[in-house]
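Hi everyone, thanks for coming. Have a look at the structure on the screen, and I'll walk you through a few parts of it.

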Amino acid sequence: MTAAAAARQILIRLHEVMASRMHAQGKLDSVVEIIGETLDSEVCSIYLLRESMLELFATKGLNKSAVHVTRMAIGEGLTGTIADQVETLNLAEAKAHPDFQYRPETGEEKFHSFAGVPIVYRERAVGVLCVQHVEPRRYEDVEIEALQTTAMVLSELIANAELVDEEEARSLSEGLTGTQTLDGLTLVKGLASGLAVYHQPRVQIEQVMADDIEAERARVYRAFDKMREQIDNLSSQAEFGVGGEHEEVLETYKMFAYDEGWSRRINEAIDSGLTAEAAIERVQQRTRMRMREIDDALLADRMHDLEDLSNRLLRIVSGQLGTAASQGLRRDTILIARNLGPAELLEYDRRRLKGVILEEGSLTAHVVIVARAMGVPVLGRAAGLRGIIREGDEILLDADQATATVRPNAQMAEAFEARFAKSRKKQASYATLRDVEPFTRCGTRIQVMMNAGLRDDMSALATSGADGVGLFRTEFQFLVSATLPQRERQTKLYRDVLEAAGDKPVIFRTVDIGGDKAVPYLASNEASNDENPAMGWRALRLALEREGLLKVQARSLLEASAGRPLYVMFPMVSEPWEFDAAKAVFEDQLAFLRSKKKLIPDAIYYGAMLEVPALAEVLDLLCPKLSFLSVGTNDLTQFLFAADRANPLLAERYDWLSPSIMRFLRRVTQSTAGTEVDLGVCGEMGGRRLEALALLGIGFRRLSITPAAVGPIKELVRKVDLAEISEAMTGWLADPSVNLRDEVSRWATDRGIETD
Ligand code: PEP
Ligand code: MG
């Protein structure tokens, strides 16, 4: 008999039992009879988890008086081992197994062979189904498969009849008990605690047994088609980013998606009478078990990819397509994902989202910038998180120390809470600096501005005491919107932002889409074919060609700023003519508004971002045209080092405090010195203490940073003597054999300046 036929025979009979009006206990009693008979086994027993113990719930062949009497701890005896390891055991001689334990009340001494499979519900073992035989023999593969399929059906019965306590099951099994720690890379500092929620939740299987096998087969075929189509299109999605490692993952995905063996096995599972969902899960369980026996890191990685894909297939087939955001967060949450796009993160409820843990991620990826702006700590590069964190696990995220504690004990939670309280106190101490102007020790006023991108961010202006908004990323509105924001909506946003800013200036940057900020409604063939989107058709390049887009934005900004000054800044200017062309679009719109006798801004200040290194060579040509220049160090450094800012493999490779970056930036300050141009930095580095110190040391007097950094940077500014740091920087940059980070850090520590 084939595995499918054996399983099918059992399933048909189980179907009748499950559909009957029998009580759960009666159903379990019938199940053991059916299995025992079909597999020609003298004993068949079901153990279920109750009060943290595996209790014999039903048996054919053992003493009936042992039912609800025999109990084993998880990890104890053969049954306990199966539940603990979530593993199948198939033994010709049970007594020979080191974990064997004899229970006299069962009368099992006469049985030699033993096979058992875990009953798994929501990835946890909630019981064990086992068979025993007098003769010493190993059970055949088909029999084991039949048992495993039955165990799936049982898990449905158990869940519906509420035979086990789910919470209890959650904390046991799969070795995912007790505390574990996860290390990674700090992407956004901070502390947070909450329950783990996977961005792409696992699908809950509602029905295991098929009513109509052909219909299930058709569903699976359709899902396969759809999944293959998705995989082929994946490269344009934020989840995957671009380049290097991603491409490899994508190749593996493609390989699995088109793997005949995989689809054939799912088909066979459907033949045995399972629904499409159960069949996919069944095959996945089997693969998981096989893989567990092979100790190979590379294969384990591939296994994660297959899990991902299998879950994707399940989502398609079950129609449970949404991310955790669409289901809404119910409690304080630590979000878990491989990677996220900025728009995906913005979909989450800010009140409940406390922290993020990513398998990938890098410091200047836009999703991280968004998280920083939201004040949500992020731990990145947390390899192997899927093997450690289960949905719903309690997590203490300490992004300051680049670690997370999963399933903490009470003491750990207490110690964490104490640290958390201390850090909140520290934050509160920055609030006292809110109205203090950031003068250096030597009396120079430094402009400490903040970066923003959404209407909600503006409240931070008052709480942080920033001097204004040095970078308003207007594209965020485009990212969170399903369609291109129309003029009225844009105008309203800009007006609201200006209103919230009061007298403080707001520098609006025109749309910077493309790169890792892809918007589907603008996905033109040109953009999606970019092999290097960061260096492709993005930002001002795109805006100048989609002139309609820039025109609408110009009109909206001009109208919103009527009666007050407008500061507008163009991203990714690579040559001066691009600045001229963009300015001309604004000037045209201004002329139009004038001709219509509309109210216009009091003054317009045009600025450019220095993000493309080539622009630094022509500052003498550009500066006379500008009111201000803002260095976008996120992009600038990715281009200087030719290191993709979103590539997790390069996340830690190059240092902002390197002689190449610092010497380059110093040349920029020298080129603008003596001009009318107001120079600043608006990349992430300005918000980090040591980097900010170095920037002050090479001549920057305006920093626009993430709101949470405003307090710490103001505090730093007040402790600095500019002549002193400038002299020190000159020395270090003249002698690149020194480690700049160490030197700056030592310098700061000597002067009582905090360095992290
Ligand atoms: C930058 O590139 O440094 C910058 C500030 O712009 P963004 O991070 O939005 O690309
Ligand atoms: Mg940029």
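Let me start with a question: in what sense do strand 13 and strand 14 pair, and over how many bridges? They pair in the antiparallel sense, over four bridges. Before I go on, some housekeeping. This is a predicted model, where local features need pLDDT of at least 70 and side-chain atom pairs count only at pLDDT 80 or more, while totals for chains, interfaces and linings use all residues. Residues are numbered from 1 along each chain as its sequence is written, chains are lettered from A and ligands numbered from 1 in the order in which they are written, and side-chain values use heavy atoms, with hydrogens and water left out.

A few words on terms. Helices (H or I, at least four residues) and strands (E, at least two) are DSSP runs, numbered from the N terminus. Two strands pair if DSSP finds at least two bridges between them. Buried means under 20% relative accessible area, exposed means over 50%, and partly exposed is in between, with a 1.4 Å probe and protein chains only.

Now the overall picture. The protein chain has 29 helices and 22 strands. Its C-alpha atoms fill a box of roughly 95 × 55 × 45 Å along the principal axes. Of the 756 residues in the chain, 56% are buried. Contact here means heavy atoms within 4.5 Å. Among contacts between residues at least 6 apart in sequence, 68% join residues at least 24 apart.

Back to strand 14, which is residues 403-406. On one side sit Thr-403 and Thr-405, on the other Ala-404 and Val-406, and all of them are buried, which covers both faces of the strand. Ala-404 is the bridge partner of Leu-397, and Leu-182 also stands opposite Ala-404. Most residues other than glycine have a negative phi. Ala-402 counts as buried, because its relative accessibility is 14%.

Strand 1 (residues 43-50) and strand 2 pair in the antiparallel sense over seven bridges, with Leu-48 facing Glu-55 as its bridge partner. These two strands form a hairpin with two residues between them, and Glu-51 in the turn has a positive phi of about 50 degrees. Strand 2 also runs antiparallel to strand 3 (residues 71-73), joined by three bridges; there Met-53 stands opposite Ala-73. Seven of the eight residues of strand 2 are buried, so the strand is largely enclosed by the rest of the structure. In the loop between strand 2 and strand 3 you'll find His-68, with a positive phi near 65 degrees. His-68 counts as partly exposed, because its relative accessibility is 33%.

What does helix 3 pack against? Its buried residues pack against strand 1, strand 2, strand 3, strand 4, strand 5 and strand 6. Seven of the nine residues of helix 3 are buried, so this helix too is largely enclosed by the rest of the structure. Just after helix 3 comes Val-86, with a positive phi of about 50 degrees.

Now for cavities. The search ran on a 1 Å grid over the protein atoms alone: a cavity is a set of points where a 1.4 Å probe fits but cannot get out, and lining residues have an atom within 4 Å of a point. Over the whole structure there are eight cavities of 30 Å³ or more. The largest cavity holds about 130 Å³ of space. Its lining has 15 residues, and Tyr-47, Met-72, Thr-79, Glu-108 and Phe-114 lie nearest its centre. Strand 1, helix 3 and strand 6 each supply at least two residues of that lining.

Last stop, the metal. Which residues coordinate the magnesium ion, ligand 2? Glu-611 (OE) and Asp-635 (OD) do, at 1.9 to 2.0 Å. Glu-611 lies in the loop between strand 19 and helix 22, and Asp-635 in helix 24, so the pair ties together parts that are 24 residues apart in sequence. Both Glu-611 and Asp-635 are buried. One caution: donors are N, O and S atoms within 2.8 Å of the metal (3.2 Å for Na, K and Ca), and water is not among the atoms, so sites may look incomplete.

Technical notes: 1 Å grid on protein atoms, 1.4 Å probe; cavity = no way out; pocket = protein on both sides within 12 Å on 5 of 7 lines; lining within 4 Å. Points joined across faces, edges and corners; volume = space filled by probe spheres on them.
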